[in-house]
Every structure is written in C-alpha cells, then in structure tokens.
Amino acid sequence: MSTVSASSRPNVLRTTAAASSAPTLPSGTLAKGASGTAVKQLQSALVKLGFMTQAQMNTGPGTFGPQTEASLKKYQAANKLTADGIYGPKTRAEMIKDLTPGKPATSVTAPAAGLERGDSGAAVKQLQTALVKLGFMTQTQMNSGPGVFGPQTEASVKKFQSTWKLGVDGEYGPKTKAALEKALAGQKPPTSSPAPSTPAPSTPAPGKVTKPDMKWVPSANYGSRNGADIDSIILHHTASNNTSGDLATLTKKGTDVSAHYLIGKDGTIYHLVDDKMAAWHAGKSSLHGDTSPSVNARSIGIEITNDGSGKTPFTEAQYRALEKLVPYLAKTYNVPMKNILGHKDVAPGRKIDPADNFDWGRVRRATDAVI
C-alpha cells in the first residue's frame with residue numbers, strides 16, 4: 001500500500017478494523033491532516049507506549065496534527081524505523097509487537113547503575129538505547145557515539161533527571177536507574193513535588209549538605225577550565241527582573257555570556273553550564289589580585305534575577321535557594337569563605353553586583369554551617 005504525504009493529501013484516512021486477536025490499532029495509512037476514530041486509536045497506542053502524554057492527546061483527540069506526528073516520529077526513531085511521521089504497515093507491525101498482551105511494552109532495559117561521563121562500553125550503549133526509546137535522545141545523537149558516555153549522553157541524562165525531578169548531575173546512579181526502570185515500564189514522571197506542611201529550615205544542619213533541586217537548561221556559552229581547580233564562587237545580579245529574559249540571554253548562542261546557575265524570582269535554580277566547564281560571567285577580573293588562572297576558569301558563577309537598582313528586594317525564595325546552593329557548592333569544591341564573593345569584589349570599579357541591598361549575611365551564615 002502506498003504511503004501518503006500530508007502536503008498532497010491532507011485528509012487521507014484509509015483504515016479497516018484491526019483483527020480481533022491483535023491490539024486495537026488501525027490498519028492502512030495515516031498521515032498529518034487525517035482525523036477520525038483511527039487516529040484516536042493511534043494516539044491511544046502512543047500514549048500507552050509512552051511516546052505521547054494523555055494531556056497532549058486531549059488537545060486534539062482524533063486529529064492527526066503536529067503533536068501526533070512528532071510523537072509518531074519519536075516512536076519510529078526509537079524502533080529503528082523510517083522516522084517520517086507516517087503511520088503505515090511497518091509502524092503498525094512494530095506497535096502490535098509492543099502492545100501484544102503477555103509481552104513487555106519494550107525490550108529495552110536499564111543497565112546497572114554507576115555510569116558517568118568518560119565511560120564506554122555495552123552498558124553505556126544500553127543506557128543510550130533506553131534514552132532514545134524514551135525520547136530523551138535521538139537515534140542520530142546516539143549514532144554519533146554509540147557506547148561512549150560523552151557530552152550528548154550526559155545532557156540527555158540531565159534532561160531525564162530534570163523531568164523525573166531528580167538531582168541533575170548527569171551521572172547515572174541508583175536513583176536515576178530506578179526512575180529509568182519506571183519510565184521503561186510505562187510509568188509517568190511526577191508532575192509536581194508536594195508542598196511541605198511547614199517551611200523547611202533555611203540553614204543546613206552543621207556539617208551536612210544536600211544537593212538542592214534544580215532544572216537543567218543548557219547554555220551554548222562555555223569553555224574549558226584548562227585544568228584549573230574550582231576555588232571560588234562569584235555572585236551577580238542580572239540587571240533585570242525578568243527571569244525568562246535572563247535565561248534567554250545566558251543560554252542563547254551568540255550572546256557570549258553565561259553563568260553556571262541562575263536563581264529565578266521564584267527561587268527556581270536553573271543549572272546552565274556543567275560545573276566541569278568554565279562559564280563566561282566574570283570578564284576582566286582577578287581573585288585577590290591574582291589573574292592567573294582567570295576568574296572564569298577557577299570559579300562557579302551564580303546570577304540572581306534582580307535589576308540591581310538597590311531598591312528592588314531580592315526575594316525570600318531567592319535567599320532560600322542561595323542558602324542551599326552556595327553551601328552545597330562550597331562543601332563540594334572546598335571553597336573557603338574568603339572566596340565567596342560578588343562580581344564587584346573581583347572587578348572593583350568596573351562592576352557593582354550584587355547590589356548593596358543584597359543580604360550577604362544570610363548566605364554566609366548558611367555556608368559557615370557546613371564548611
């Protein structure tokens with residue numbers, strides 16, 4: 001049976017009822033622009049297989065639109081089919097295998113935990129295959145380095161961790177493995193974290209440090225640390241009260257500016273540049289007069305959404321986030337208190353951030369409790 005393109009036949013729909021012994025799937029060919037019961041059956045199958053959410057289906061049940069096409073392409077790519085977004089006999093046959101009662105929804109399994117950037121081998125390839133299956137990595141991306149845990153695999157793991165509300169470190173450990181197994185079994189990621197019944201203490205217990213929750217939003221702007229160790233943390237204000245605009249500036253290629261972290265007005269911690277890499281936040285600066293290595297090469301940069309006027313308060317949510325993030329980073333990288341500074345401290349006369357109304361005492365007390 002011939003395939004049909006969306007441009008030549010936008011309302012194509014040629015189906016017959018599926019055999020009673022097979023899962024409820026349409027037969028024939030479906031493409032973008034089609035509508036009806038057969039499309040709804042296809043969407044239901046994609047939801048069951050984890051390539052479309054129920055919410056996405058509910059935006060256009062029975063309508064073969066861009067979302068259905070994109071979900072179908074993901075399924076086809078994950079199953080090594082031609083990812084053309086057209087539902088035909090080969091795609092139907094693969095779906096029947098995945099949906100047949102008594103058989104697992106996918107033959108892809110999670111590898112043993114304990115993988116990180118730099119590793120290679122069959123276990124890494126198994127992890128990549130799972131990430132492709134779940135839509136966090138494309139087959140093309142995997143094919144660029146099958147079995148090699150490089151930057152692309154790390155970024156895909158971080159996306160998965162962020163979706164499943166795990167600590168976003170790019171390492172495949174026990175918690176990430178447990179979540180991956182749930183995802184491969186068809187479970188959905190948590191939609192939100194339950195609000196605590198009482199406010200969490202802003203200062204960690206003495207000597208204890210926990211990695212705070214954060215969202216991975218990768219920046220295109222970063223470079224090598226050239227072997228320099230992390231020994232300082234530099235705080236900035238963004239000179240804006242618009243978190244989404246700050247995110248765009250700090251992540252978009254061509255702006256030539258970035259930071260490792262951004263603290264939004266609501267306290268959300270955005271992780272923009274891998275700690276292993278140098279972000280571009282300090283410019284011409286020095287650490288206590290030392291210019292070699294550069295401050296960018298030796299520091300973690302944290303931007304805080306605030307216009308820097310000295311009149312706009314930094315929010316309570318931002319302080320709470322900083323009281324978690326700065327102690328965590330200081331403890332992790334053994335940064336001394338004297339090296340937790342503002343941009344104006346490493347570029348005096350050139351920079352004024354963070355603004356004078358920033359409460360350094362809160363951050364330093366929280367950090368002093370753990371270092």
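1. Which residues does leucine 46 touch, not counting residues up to four places away in sequence? In this predicted model, the contacts of leucine 46 under that condition are Phe51, Met52, Thr68, Ser71, Leu72, Tyr75 and Met95.

2. Leucine 46 also belongs to the largest nonpolar core, which has 43 residues. Leu46 is among the residues with the most contacts inside that core, together with Leu30, Leu42, Met95, Leu127, Phe160 and Leu180. At least two core residues come from each of α1 (37–48), α3 (66–78), α4 (89–99), α5 (122–133), α7 (151–163) and α8 (174–184). The most is given by α1, with six residues. Another core lies apart from this one and has 27 residues, including Ile230, Leu235, Ile302 and Tyr328.

3. The second largest pocket has a volume of about 400 Å³. Its lining comprises 19 residues, and Gly50, Thr53, Leu134, Lys188 and Pro189 lie nearest the centre of the pocket. By residue class, the lining divides into seven nonpolar, 10 polar and two charged residues. Both α2 (54–58) and α3 supply at least two residues of the lining, and α3 gives the most, with three residues.

4. Asparagine 339 is placed in the loop between α11 (316–333) and β6 (340–342). Is this residue buried or exposed? Asparagine 339 counts as buried because its relative accessibility is 6%, and the cut-off for buried is under 20%. A polar atom of the asparagine 339 side chain lies 2.9 Å from the backbone oxygen of aspartate 231. Leaving aside residues up to four places away in sequence, asparagine 339 touches Asp231, Ser232, Ile233, Leu287 and His288.

5. Asparagine 357 is likewise a loop residue, found between α12 (343–346) and α13 (360–368). With a relative accessible area of 27%, asparagine 357 is partly exposed. Its side chain reaches two backbone oxygens: that of glycine 310 at 3.5 Å, and that of threonine 312, which lies 3.0 Å from a polar atom of the side chain.

6. Residues up to four places away in sequence not being counted, asparagine 357 touches Gly310, Lys311, Thr312, Pro313, Phe314 and Tyr319.

Key: Residues are numbered from 1 along each chain as its sequence is written. This is a predicted model: local features need pLDDT of at least 70, side-chain atom pairs count only at pLDDT 80 or more; totals for chains, interfaces and linings use all residues. Side-chain values use heavy atoms; hydrogens and water are left out. Helices (H or I, at least four residues) and strands (E, at least two) are DSSP runs, numbered from the N terminus. Buried means under 20% relative accessible area, exposed over 50%, partly exposed in between (1.4 Å probe, protein chains only). Contact means heavy atoms within 4.5 Å. A polar contact is a pair of N or O atoms within 3.5 Å; within protein, one must be able to donate a hydrogen and the other to accept it, and residues adjacent in sequence count only if both atoms are side-chain atoms. A nonpolar core is a set of buried Ala, Val, Leu, Ile, Met, Phe, Trp, Tyr and Cys residues joined through side-chain atoms within 4.5 Å. On a 1 Å grid over the protein atoms alone, a cavity is a set of points where a 1.4 Å probe fits but cannot get out, and a pocket is an open set with protein on both sides within 12 Å along at least five of seven lines; lining residues have an atom within 4 Å of a point. Grid points are joined across faces, edges and corners, and a volume is the space filled by probe spheres set on the points. Ala, Val, Leu, Ile, Met, Phe, Trp, Tyr, Cys and Pro count as nonpolar, Asp, Glu, Lys and Arg as charged, and the others, Gly among them, as polar.
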